[in-house]
Amino acid sequence: MPVAASAIYFLNLRGDVLINRLYRDDVGGNMVDAFRTHIMQTKELGTCPVRQIGGCSFFYMRISNVYIVIVVSSNANVACAFKFVVEAVALFKSYFGGAFDEDAIRNNFVLIYELLDEIMDFGYPQNLSPEILKLYITQEGVRSPFSSKPTEKPVPNATLQVTGAVGWRREGLVYKKNEVFLDIVESVNLLMSSKGSVLRCDVTGKILMKCFLSGMPDLKLGLNDKIGLEKESQLKSRPTKSGKTIELDDVTFHQCVNLTRFNSEKTVSFVPPDGEFELMKYRITEGVNLPFRVLPTIKELGRTRMEVNVKVKSVFGAKMFALGVVVKIPVPKQTAKTSFQVTSGRAKYNPSIDCLVWKIRKFPGQTEPTLSAEVELISTMTEKKSWTRPPIQMEFQV
């Protein structure tokens, strides 16, 4: 089910309405007062982005110092609503020169009203592509002094772009040198017990591409293994094939990917947009080869002292390296003082989460950095329960 939005509001942090647009007559104009009274004044903005008040639902998101609120009176697709907000903000930024805040909205009232009429019709999202909308909404937005200069070139054929099958790429592109750049970025979230057993491990990845190709190229992305997305019933009916498959729990493609060919052939075929874009996102929870091993040793010396020794071993190749490694080592709540000794990176005690946070910006392969810490505790009579030793958390990118 699509969004079917009844109204959209743009509010500042005080709750004042900057601009709004009513798409249906099934909600009153005072619905923003209900949002301001029941959500903003009660300071429950950070609890849940979807709230029901009376017979209406409020979907809201904060962008810079502006709250964007969508009001619906019927059952609607929440994910589609938030996707619409994200795409609309990207559209506004392309007109305003990269800035979207309260000042940008106040300086571009007429342009925003014109865009709101085009990107949503009777509450249903329409075309949000900046390249296409700039063909027939040629008014330039008031740019902030810190925004970059516009670099987009006008698209020559508006009718083909709006009605054709390839609306994300314009015709007539010519480059002296055809180039394609591809990056695969994976983030691994790991939860491990004190005995070294893995409690939770999942990988979220995305494939980023940058294309400078002439004409209308048809690209095909070949993977080493076929992607396995079949259900259990389909797997039982089919004979087992030799070789490994990449089991993806979730996968999301850019609109340029031919989904029919992917479902039949399990190959990613697409006509790429010009420039930089995100081709696909995926998530994996099974069959993950861990790039690190965490070896903790924690000794409790009486009731007031504790020694913590943690060794992290990278098992991937020496030519590779991990970025943004964060190891969170839990300590008791009555921690008073800590002292560290690390062979790589920096460490500090974070009392808000009761953890020793060890950060390593660049982690080479086949290395074993260690952390040694002495923790001084406050002896309290009220602390009857023994420390449960929560699991160590680790985040990184390889």
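What follows is a friendly chat about a predicted model of one protein.

Reader: Hi! What secondary structure does the protein have, and how many helices and strands?

Author: Hello! The protein has eight helices and 23 strands. Keep in mind that this is a predicted model.

Reader: Good to know. What share of the residues is buried?

Author: Buried residues account for 37% of the 398 residues. As for the surface, the protein exposes about 23200 Å², and 51% of that comes from carbon and sulfur atoms.

Reader: And the contacts? Among those between residues at least 6 apart in sequence, what percentage joins residues at least 24 apart?

Author: That comes to 65%.

Reader: Let's go to the surface. Which residues gather in the patch of positive charge?

Author: R346, K348, K359 and R361. Two strands, β20 (346-350) and β21 (355-364), each supply at least two residues of that positive patch.

Reader: Take R346, then. Where does R346 lie, and is R346 buried or exposed?

Author: R346 lies in strand β20. With a relative accessible area of 67%, R346 is exposed, because the cut-off for that class is over 50%.

Reader: What about a nonpolar patch, which residues make that one?

Author: F109, V110 and Y113 make a nonpolar surface patch of about 270 Å². V110 lies in helix α4, which covers residues 109-119, and V110 counts as exposed at 59% relative accessibility.

Reader: Switching to salt bridges. How many are there?

Author: The count comes to ten salt bridges. One of them joins the side chains of D16 and R14, at 3.2 Å from N to O. D16 counts as partly exposed at 34% relative accessibility, while R14 is exposed at 59%.

Reader: How about D33, which residue does its side chain meet?

Author: D33 meets R36 in a salt bridge, with 2.8 Å from N to O. The two sit three residues apart in helix α1, so about one helical turn separates them. D33 is partly exposed, with a relative accessible area of 37%.

Reader: Nice. And E368, what is its partner?

Author: The side chain of E368 forms a salt bridge with K313, at 3.9 Å from N to O. E368 is in the loop between β21 and β22, whereas K313 is in strand β17 (residues 305-314), so the pair ties together parts that are 55 residues apart in sequence. Salt bridges that share partners also join K311, K313 and E368 into one network.

Reader: Are E368 and K313 buried, partly exposed or exposed?

Author: E368 is partly exposed, with a relative accessible area of 41%, and K313 is partly exposed as well, at 36%.

Reader: Back to that loop between β21 and β22. What is the phi of Q366?

Author: Q366 has a positive phi of about 60 degrees, although Q366 is not a glycine. Its place is in the loop between β21 and β22 (370-377), and Q366 is exposed, with a relative accessible area of 51%.

Reader: And F122, what is phi there?

Author: Phi of F122 is near 55 degrees, a positive value in a residue other than glycine. F122 is found in the loop between β6 (120-121) and β7 (124-125), where F122 is partly exposed at 46% relative accessible area.

Reader: Last one: where is C48 found?

Author: C48 is in the loop between α1 (31-40) and β3 (50-53), and C48 is partly exposed, with a relative accessible area of 31%. Its C-alpha atom is separated by 9.2 Å from that of F59, a residue eleven positions apart along the chain.

Terms used. Residues numbered from 1 in each chain as written. Predicted model: local features only at pLDDT ≥ 70, side-chain atom pairs only at ≥ 80, totals over all residues. Heavy atoms only, no water. Patch = residues over 30% accessible without salt bridge, like charges linked within 9 Å, V, L, I, M, F, W, Y side chains within 5 Å. Areas by Shrake-Rupley, 256 points an atom, 1.4 Å probe, with all protein chains shown as cover. Salt bridge = Lys/Arg side-chain N within 4 Å of Asp/Glu carboxyl O. Lys, Arg positive; Asp, Glu negative; His and termini not counted. Charge placed at Lys NZ, Arg CZ, Asp CG, Glu CD. Helix = DSSP H or I, 4+ residues; strand = E, 2+ residues; numbered from the N terminus. Buried < 20%, exposed > 50% of the residue type's maximum accessible area, 1.4 Å probe, protein only. Contact = heavy atoms within 4.5 Å.
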